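Take the chain loop by loop and look at the peptide bonds and the phi angles.

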Amino acid sequence: MASTNALAAGDQANTSGAVDVAIMPPADFNFKRRLEIINMRQIRVKQAPLLMRGEYNATPFVFAKIEDGKPWWGMYGQFVFGEGERSIEGPAEESRFVLNPFLLVAANSWTCKIWDVNKISEEDLKRSDFPFCWTPRSLRFFPGDAKALAVYDVTDYDAALKRWQDKLATSAINRKFGLVAYNAKDFGFNFMHVSPTASANISSEHKFREPIEIEQYLHCGDSSNYPGGCNNMSPEVKAIDTLSYMRLPARVAICLWKQRPVSVAQRPDFTFFIELR
């Protein structure tokens, strides 16, 4: 089912100035009902009325397959413990995106299971400065220009890893990341393209010659190996899951369209920029 949600952008913008959107921290989703989670998301949408045109309704394609009363892949599980009984521990890792609906496309760092689990304590995991993954520092919309910018402080994240290096299983700096775009799908943008010319210091095995249909959604799957499964995102999309930055600062320019464009040269309906600093 197509999304009926629409951003106020371009000629439909409610403001010609910039709109800053606060970043919400991850939250616990375990065993909640789908409606509870969607209500949490709706509250976030309502906090930025200048960005919306009309009412918000969660898009069934993205959210309808969330199963009530199920656990979610947790931050502790995803980034530290991996699959199994402890996979559901910590705030839901998808809450990073669900509770930040205007983060249309997010950078998802490849920082899973880099820790020596024998050295990680419960106190470590509960510390506010524990470096699970890259986190956006700011999100700013320019509705009149149909553009937005999310900034990630990767330099600060790498510095944090150095402070915790005695508990790491590897000392290598991970430059890889993927893109999570189901928020864009929820707002009616069905196709995306990473522009090689507008991006900077980014590499990928994918050549980005054709638009990519956004097919990511939330469902209950078995990737966690937790008994009965966990709610999480699917499917794997190699074209947007395996990007790397070559050096900092780096920029990813993502063109978004509601309908399939004739070519990637067609003017986008919206452009979302991710800066890694």
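Predicted model: local features only at pLDDT ≥ 70, side-chain atom pairs only at ≥ 80, totals over all residues.

Pro249 sits in the loop that runs between strand S11 (243-245) and strand S12 (250-257). What is the form of the peptide bond from Leu248 to Pro249? The bond is cis, and omega is near 0 degrees.

Now step back to Pro235. Its place is in the loop between strand S10 (230-234) and helix H8 (238-241). Ser234 and Pro235 are also joined by a cis peptide bond. Here omega is about -10 degrees.

Turn next to phi. Where does Asn201 lie? Look in the loop between strand S6 (191-194) and strand S7 (202-204). Asn201 is not a glycine, yet its phi is positive, at about 60 degrees. Is Asn201 buried or exposed? The relative accessible area of Asn201 is 19%. Buried means under 20%, so Asn201 counts as buried.

Move on to Phe208. This residue lies in the loop between S7 and strand S8 (212-213). Phe208 is not a glycine either, and has a positive phi of about 55 degrees. Why does Phe208 count as buried? Its relative accessibility is 7%, and the cut-off for buried is under 20%.

Positive phi values belong to Asn201 and to Phe208.

Note on methods. Residues numbered from 1 in each chain as written. Heavy atoms only, no water. Helix = DSSP H or I, 4+ residues; strand = E, 2+ residues; numbered from the N terminus. Buried < 20%, exposed > 50% of the residue type's maximum accessible area, 1.4 Å probe, protein only.
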